[in-house]
Amino acid sequence: RGGRGARGRPRCGGGAMGRGTDGSRRNKLGKALSEAITLASSERTRTIEIRNAFCLSVALRAFRSVRARSGGLLGRRIQFFREDIDYPAGRTVRGVVRAFSDRTGRCLVSHDLDLSALGGLAGGGMASALPSRLPPAWVLLRPNEGSFRFLDRESDGPTPEDLAPYLFGSAHDGDFDGYCALCMEDADDEEDNVMCVACRRNFHRPCLDGTASRAPSPASASDWTCDRCTPCTGCLRHDAAFGARAWTHAGGSGRTKLCLECQGYYEDKMYCANCEHTWDDGRYRNVLACIAERLGRRSGGPSGAPTAAAPVAAPVVTDAVAEEEGAVGDG
(Lines give C-alpha, C1' and ligand atoms only; values in the text may rest on other atoms or scores of the structure.)
Protein backbone atom coordinates (compact mmCIF):
# COMPACT_ATOMS: atom_id res chain seq x y z
CA ARG A 1 0.00 0.00 0.00
CA GLY A 2 2.90 2.32 0.82
CA GLY A 3 4.42 1.80 -2.61
CA ARG A 4 1.07 2.33 -4.33
CA GLY A 5 0.55 5.40 -2.25
CA ALA A 6 4.04 6.61 -3.13
CA ARG A 7 3.35 6.05 -6.81
CA GLY A 8 -0.08 7.68 -6.69
CA ARG A 9 0.83 10.58 -4.45
CA PRO A 10 0.43 13.84 -6.27
CA ARG A 11 3.46 16.04 -6.71
CA CYS A 12 3.21 19.08 -4.48
CA GLY A 13 4.64 22.50 -5.36
CA GLY A 14 4.75 22.03 -9.15
CA GLY A 15 3.12 25.43 -9.81
CA ALA A 16 5.55 27.21 -7.51
CA MET A 17 8.49 25.62 -9.27
CA GLY A 18 7.12 26.79 -12.63
CA ARG A 19 6.69 30.30 -11.38
CA GLY A 20 10.23 30.23 -10.02
CA THR A 21 11.57 29.13 -13.39
CA ASP A 22 9.74 31.94 -15.21
CA GLY A 23 11.04 34.48 -12.72
CA SER A 24 14.58 33.24 -13.20
CA ARG A 25 14.24 33.56 -16.95
CA ARG A 26 12.94 37.11 -16.63
CA ASN A 27 15.84 38.01 -14.36
CA LYS A 28 18.33 36.59 -16.83
CA LEU A 29 16.63 38.42 -19.70
CA GLY A 30 16.62 41.69 -17.79
CA LYS A 31 20.28 41.27 -16.89
CA ALA A 32 21.21 40.52 -20.51
CA LEU A 33 19.20 43.54 -21.70
CA SER A 34 20.91 45.78 -19.15
CA GLU A 35 24.33 44.53 -20.23
CA ALA A 36 23.43 45.11 -23.88
CA ILE A 37 22.33 48.68 -23.16
CA THR A 38 25.51 49.34 -21.20
CA LEU A 39 27.63 47.90 -24.02
CA ALA A 40 25.79 49.94 -26.66
CA SER A 41 26.21 53.10 -24.62
CA SER A 42 29.92 52.51 -24.17
CA GLU A 43 30.31 51.71 -27.88
CA ARG A 44 28.48 54.91 -28.80
CA THR A 45 30.70 56.92 -26.46
CA ARG A 46 33.78 55.28 -27.94
CA THR A 47 32.55 55.98 -31.49
CA ILE A 48 32.04 59.64 -30.66
CA GLU A 49 35.52 59.82 -29.14
CA ILE A 50 37.08 58.25 -32.24
CA ARG A 51 35.12 60.56 -34.51
CA ASN A 52 36.15 63.64 -32.52
CA ALA A 53 39.78 62.52 -32.54
CA PHE A 54 39.67 62.00 -36.31
CA CYS A 55 38.03 65.40 -36.92
CA LEU A 56 40.63 67.03 -34.69
CA SER A 57 43.48 65.36 -36.58
CA VAL A 58 42.03 66.60 -39.90
CA ALA A 59 41.69 70.11 -38.48
CA LEU A 60 45.29 70.02 -37.24
CA ARG A 61 46.59 68.93 -40.65
CA ALA A 62 44.55 71.64 -42.37
CA PHE A 63 45.75 74.29 -39.92
CA ARG A 64 49.39 73.29 -40.34
CA SER A 65 49.02 73.25 -44.10
CA VAL A 66 47.62 76.79 -44.17
CA ARG A 67 50.23 77.97 -41.65
CA ALA A 68 53.01 76.62 -43.85
CA ARG A 69 51.56 78.38 -46.90
CA SER A 70 51.29 81.63 -44.94
CA GLY A 71 54.94 81.58 -43.95
CA GLY A 72 54.19 80.64 -40.36
CA LEU A 73 51.81 83.56 -39.77
CA LEU A 74 48.50 81.75 -39.23
CA GLY A 75 47.45 81.69 -35.59
CA ARG A 76 50.30 83.99 -34.47
CA ARG A 77 49.79 87.16 -32.45
CA ILE A 78 51.62 90.02 -34.12
CA GLN A 79 52.27 93.75 -33.91
CA PHE A 80 52.50 95.78 -37.10
CA PHE A 81 52.05 99.27 -38.48
CA ARG A 82 48.99 100.39 -40.46
CA GLU A 83 49.23 103.53 -42.54
CA ASP A 84 45.49 103.71 -43.22
CA ILE A 85 44.62 104.33 -39.55
CA ASP A 86 44.92 107.86 -38.17
CA TYR A 87 46.23 108.93 -41.57
CA PRO A 88 48.78 110.32 -42.33
CA ALA A 89 50.51 109.49 -39.05
CA GLY A 90 49.49 105.82 -39.05
CA ARG A 91 49.22 103.59 -36.03
CA THR A 92 50.84 100.50 -34.55
CA VAL A 93 48.25 97.80 -33.89
CA ARG A 94 48.17 94.29 -32.51
CA GLY A 95 46.11 91.28 -33.45
CA VAL A 96 45.91 87.58 -34.32
CA VAL A 97 46.20 86.19 -37.85
CA ARG A 98 42.98 84.19 -38.33
CA ALA A 99 43.04 83.33 -42.05
CA PHE A 100 45.29 83.39 -45.09
CA SER A 101 44.46 83.72 -48.78
CA ASP A 102 46.98 81.89 -50.95
CA ARG A 103 45.75 83.71 -54.07
CA THR A 104 46.20 87.26 -52.78
CA GLY A 105 48.91 86.55 -50.20
CA ARG A 106 47.02 88.56 -47.58
CA CYS A 107 46.24 87.67 -43.98
CA LEU A 108 43.00 88.29 -42.12
CA VAL A 109 43.88 89.94 -38.80
CA SER A 110 41.52 90.13 -35.83
CA HIS A 111 42.67 93.20 -33.89
CA ASP A 112 43.06 93.46 -30.15
CA LEU A 113 41.14 96.00 -28.10
CA ASP A 114 42.61 99.44 -28.55
CA LEU A 115 43.17 100.49 -24.93
CA SER A 116 44.65 103.83 -25.96
CA ALA A 117 41.43 104.64 -27.79
CA LEU A 118 39.46 103.78 -24.67
CA GLY A 119 41.62 106.19 -22.69
CA GLY A 120 41.14 108.83 -25.32
CA LEU A 121 37.39 108.54 -24.98
CA ALA A 122 37.70 109.51 -21.32
CA GLY A 123 40.21 112.30 -21.72
CA GLY A 124 39.31 113.59 -25.16
CA GLY A 125 41.83 114.28 -27.87
CA MET A 126 42.67 112.73 -31.25
CA ALA A 127 42.39 109.12 -30.03
CA SER A 128 38.72 109.64 -29.17
CA ALA A 129 37.87 109.44 -32.88
CA LEU A 130 39.18 105.88 -33.11
CA PRO A 131 37.00 102.85 -32.33
CA SER A 132 37.76 100.79 -29.24
CA ARG A 133 38.28 97.76 -31.49
CA LEU A 134 39.22 97.84 -35.13
CA PRO A 135 37.24 95.60 -37.48
CA PRO A 136 38.99 92.58 -39.01
CA ALA A 137 41.04 93.47 -42.05
CA TRP A 138 42.95 91.73 -44.82
CA VAL A 139 46.51 93.04 -44.74
CA LEU A 140 49.66 92.20 -46.65
CA LEU A 141 52.41 91.05 -44.31
CA ARG A 142 55.88 90.42 -45.67
CA PRO A 143 57.98 88.26 -43.32
CA ASN A 144 61.22 89.05 -45.16
CA GLU A 145 60.81 92.83 -44.87
CA GLY A 146 60.36 93.02 -41.12
CA SER A 147 57.02 94.81 -41.36
CA PHE A 148 55.81 93.16 -38.15
CA ARG A 149 57.01 91.33 -35.07
CA PHE A 150 55.66 88.34 -33.21
CA LEU A 151 54.24 88.72 -29.72
CA ASP A 152 54.07 85.00 -28.94
CA ARG A 153 56.24 81.92 -29.31
CA GLU A 154 56.11 79.65 -32.33
CA SER A 155 56.09 76.62 -30.06
CA ASP A 156 52.70 77.59 -28.65
CA GLY A 157 50.10 75.15 -29.98
CA PRO A 158 46.97 76.22 -31.85
CA THR A 159 44.08 77.41 -29.71
CA PRO A 160 40.47 76.20 -30.11
CA GLU A 161 39.75 79.45 -31.98
CA ASP A 162 42.58 78.63 -34.41
CA LEU A 163 41.20 75.16 -35.17
CA ALA A 164 37.49 76.08 -35.26
CA PRO A 165 37.46 77.12 -38.97
CA TYR A 166 38.85 73.70 -39.95
CA LEU A 167 36.82 71.50 -37.59
CA PHE A 168 33.92 69.66 -39.26
CA GLY A 169 31.78 66.76 -38.07
CA SER A 170 32.93 67.02 -34.47
CA ALA A 171 30.88 67.32 -31.31
CA HIS A 172 32.47 70.75 -30.85
CA ASP A 173 31.05 72.24 -34.05
CA GLY A 174 28.56 74.34 -32.13
CA ASP A 175 31.08 75.79 -29.67
CA PHE A 176 31.50 78.92 -31.79
CA ASP A 177 27.97 79.48 -33.05
CA GLY A 178 27.33 83.18 -33.55
CA TYR A 179 30.93 83.86 -34.58
CA CYS A 180 32.38 84.47 -38.02
CA ALA A 181 34.07 81.29 -39.25
CA LEU A 182 37.00 83.32 -40.61
CA CYS A 183 37.87 86.06 -38.11
CA MET A 184 36.23 84.34 -35.09
CA GLU A 185 34.54 87.57 -33.98
CA ASP A 186 30.87 88.18 -33.20
CA ALA A 187 28.52 87.77 -36.16
CA ASP A 188 25.31 89.18 -34.71
CA ASP A 189 24.43 91.58 -37.52
CA GLU A 190 22.35 89.50 -39.93
CA GLU A 191 22.51 92.12 -42.69
CA ASP A 192 26.32 91.96 -42.74
CA ASN A 193 26.54 88.16 -42.51
CA VAL A 194 25.91 85.18 -44.75
CA MET A 195 25.35 81.58 -43.61
CA CYS A 196 26.50 78.39 -45.32
CA VAL A 197 23.58 76.01 -45.84
CA ALA A 198 25.84 72.96 -45.32
CA CYS A 199 27.82 73.70 -42.14
CA ARG A 200 25.45 76.39 -40.82
CA ARG A 201 28.36 78.72 -40.05
CA ASN A 202 28.25 82.50 -40.30
CA PHE A 203 30.64 84.62 -42.33
CA HIS A 204 31.18 88.37 -42.38
CA ARG A 205 30.80 89.68 -45.91
CA PRO A 206 33.98 91.82 -45.65
CA CYS A 207 35.88 88.73 -44.48
CA LEU A 208 34.63 86.71 -47.45
CA ASP A 209 35.53 89.46 -49.90
CA GLY A 210 39.21 88.92 -49.14
CA THR A 211 39.10 85.20 -50.01
CA ALA A 212 39.07 83.51 -53.40
CA SER A 213 35.25 83.37 -53.36
CA ARG A 214 33.39 86.63 -52.95
CA ALA A 215 30.38 86.99 -50.72
CA PRO A 216 27.15 85.98 -52.50
CA SER A 217 24.55 88.49 -53.50
CA PRO A 218 21.49 88.84 -51.24
CA ALA A 219 19.39 87.06 -53.88
CA SER A 220 21.60 83.94 -53.86
CA ALA A 221 22.58 83.94 -50.18
CA SER A 222 19.74 81.57 -49.21
CA ASP A 223 21.41 78.56 -50.92
CA TRP A 224 25.06 79.57 -50.65
CA THR A 225 27.74 76.99 -49.74
CA CYS A 226 31.18 77.92 -48.45
CA ASP A 227 34.36 76.72 -50.15
CA ARG A 228 35.16 74.11 -47.51
CA CYS A 229 31.72 72.51 -47.83
CA THR A 230 31.88 72.47 -51.64
CA PRO A 231 33.23 69.18 -53.08
CA CYS A 232 36.08 69.38 -55.55
CA THR A 233 35.03 68.74 -59.15
CA GLY A 234 38.22 66.80 -59.83
CA CYS A 235 38.37 64.38 -56.89
CA LEU A 236 34.90 64.86 -55.32
CA ARG A 237 36.53 65.38 -51.91
CA HIS A 238 36.35 68.30 -49.48
CA ASP A 239 39.43 70.40 -48.83
CA ALA A 240 39.30 71.46 -45.17
CA ALA A 241 42.33 73.73 -45.58
CA PHE A 242 41.56 75.97 -48.55
CA GLY A 243 38.28 74.62 -49.89
CA ALA A 244 37.30 74.24 -53.53
CA ARG A 245 37.75 77.41 -55.56
CA ALA A 246 36.31 78.35 -58.94
CA TRP A 247 38.51 77.34 -61.88
CA THR A 248 38.14 78.48 -65.47
CA HIS A 249 39.44 76.36 -68.35
CA ALA A 250 38.70 75.86 -72.02
CA GLY A 251 35.64 73.71 -72.60
CA GLY A 252 34.66 73.77 -68.94
CA SER A 253 31.12 73.80 -67.62
CA GLY A 254 31.62 77.11 -65.82
CA ARG A 255 30.88 75.43 -62.50
CA THR A 256 34.29 73.81 -62.01
CA LYS A 257 35.65 74.15 -58.47
CA LEU A 258 38.96 72.57 -57.56
CA CYS A 259 40.94 71.84 -54.43
CA LEU A 260 44.59 72.80 -54.21
CA GLU A 261 45.83 69.36 -55.34
CA CYS A 262 43.55 69.09 -58.37
CA GLN A 263 44.57 72.53 -59.58
CA GLY A 264 47.97 71.07 -60.36
CA TYR A 265 46.35 68.19 -62.27
CA TYR A 266 44.35 70.65 -64.36
CA GLU A 267 47.43 72.69 -65.15
CA ASP A 268 49.04 69.48 -66.47
CA LYS A 269 45.86 68.56 -68.44
CA MET A 270 45.41 65.41 -66.34
CA TYR A 271 41.63 65.44 -66.29
CA CYS A 272 38.71 64.03 -68.23
CA ALA A 273 37.17 66.41 -70.74
CA ASN A 274 33.72 64.86 -70.24
CA CYS A 275 33.26 64.43 -66.48
CA GLU A 276 36.09 66.85 -65.47
CA HIS A 277 37.50 64.34 -62.97
CA THR A 278 41.27 64.27 -62.46
CA TRP A 279 43.58 61.29 -62.92
CA ASP A 280 46.30 60.17 -60.62
CA ASP A 281 49.59 58.97 -62.14
CA GLY A 282 48.58 55.32 -62.40
CA ARG A 283 45.26 55.97 -64.11
CA TYR A 284 46.88 58.61 -66.29
CA ARG A 285 49.48 56.17 -67.59
CA ASN A 286 46.83 53.51 -68.19
CA VAL A 287 44.76 55.93 -70.27
CA LEU A 288 47.84 56.91 -72.28
CA ALA A 289 48.57 53.22 -72.89
CA CYS A 290 44.97 52.63 -74.08
CA ILE A 291 45.20 55.62 -76.44
CA ALA A 292 48.50 54.38 -77.89
CA GLU A 293 47.03 50.91 -78.36
CA ARG A 294 43.97 52.26 -80.19
CA LEU A 295 46.13 54.44 -82.40
CA GLY A 296 48.22 51.38 -83.23
CA ARG A 297 45.11 49.40 -84.19
CA ARG A 298 43.80 52.15 -86.46
CA SER A 299 47.16 52.50 -88.18
CA GLY A 300 47.14 48.82 -89.12
CA GLY A 301 49.22 47.45 -86.27
CA PRO A 302 48.53 44.14 -84.53
CA SER A 303 45.12 44.04 -82.83
CA GLY A 304 46.46 42.31 -79.76
CA ALA A 305 49.37 44.64 -79.05
CA PRO A 306 50.35 44.47 -75.40
CA THR A 307 49.79 47.59 -73.35
CA ALA A 308 53.32 47.35 -71.93
CA ALA A 309 54.70 48.29 -75.36
CA ALA A 310 52.73 51.53 -75.35
CA PRO A 311 54.89 54.59 -74.75
CA VAL A 312 54.05 55.78 -71.26
CA ALA A 313 55.99 58.99 -71.89
CA ALA A 314 53.56 60.07 -74.60
CA PRO A 315 52.62 63.78 -74.74
CA VAL A 316 49.86 65.01 -72.47
CA VAL A 317 46.40 64.34 -73.82
CA THR A 318 44.56 67.52 -74.69
CA ASP A 319 40.82 67.95 -74.83
CA ALA A 320 40.82 67.98 -78.64
CA VAL A 321 42.71 64.68 -78.93
CA ALA A 322 40.56 63.11 -76.25
CA GLU A 323 37.34 64.03 -78.01
CA GLU A 324 38.67 62.84 -81.37
CA GLU A 325 39.78 59.45 -80.10
CA GLY A 326 36.98 58.95 -77.58
CA ALA A 327 39.46 57.50 -75.12
CA VAL A 328 39.06 59.97 -72.30
CA GLY A 329 35.34 59.29 -72.00
CA ASP A 330 36.02 55.56 -71.85
CA GLY A 331 38.65 56.14 -69.18
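I took buried to mean under 20% relative accessible area, exposed over 50% and partly exposed in between, with a 1.4 Å probe and protein chains only; helices (H or I, at least four residues) and strands (E, at least two) are DSSP runs numbered from the N terminus. I noted that this is a predicted model, in which local features need pLDDT of at least 70, side-chain atom pairs count only at pLDDT 80 or more, and totals for chains, interfaces and linings use all residues. Residues are numbered from 1 along each chain as its sequence is written, and side-chain values use heavy atoms, with hydrogens and water left out.

I looked up helix 6 (residues 260-267) and found Cys-262, Gln-263, Tyr-265 and Tyr-266 buried. Seen down the axis, these residues fall within an arc of 160° (taken from the directions from the helix axis to the C-beta atoms), so they line one face of helix 6. They pack against strand 8 (245-246) and strand 9 (257-258), with contact meaning heavy atoms within 4.5 Å.

I then turned to salt bridges, each a side-chain nitrogen of Lys or Arg within 4 Å of a carboxyl oxygen of Asp or Glu, and the count comes to nine. Arg-76 pairs with Asp-152, their closest N and O atoms being 2.8 Å apart, and this pair links distant parts of the chain, 76 residues apart. Arg-76 counts as buried at 6% relative accessibility, whereas Asp-152, at 25%, counts as partly exposed.

Within helix 7 (residues 281-298), Arg-297 and Glu-293 lie four residues apart, about one turn of the helix, and form a salt bridge at 2.7 Å between the closest N and O atoms.
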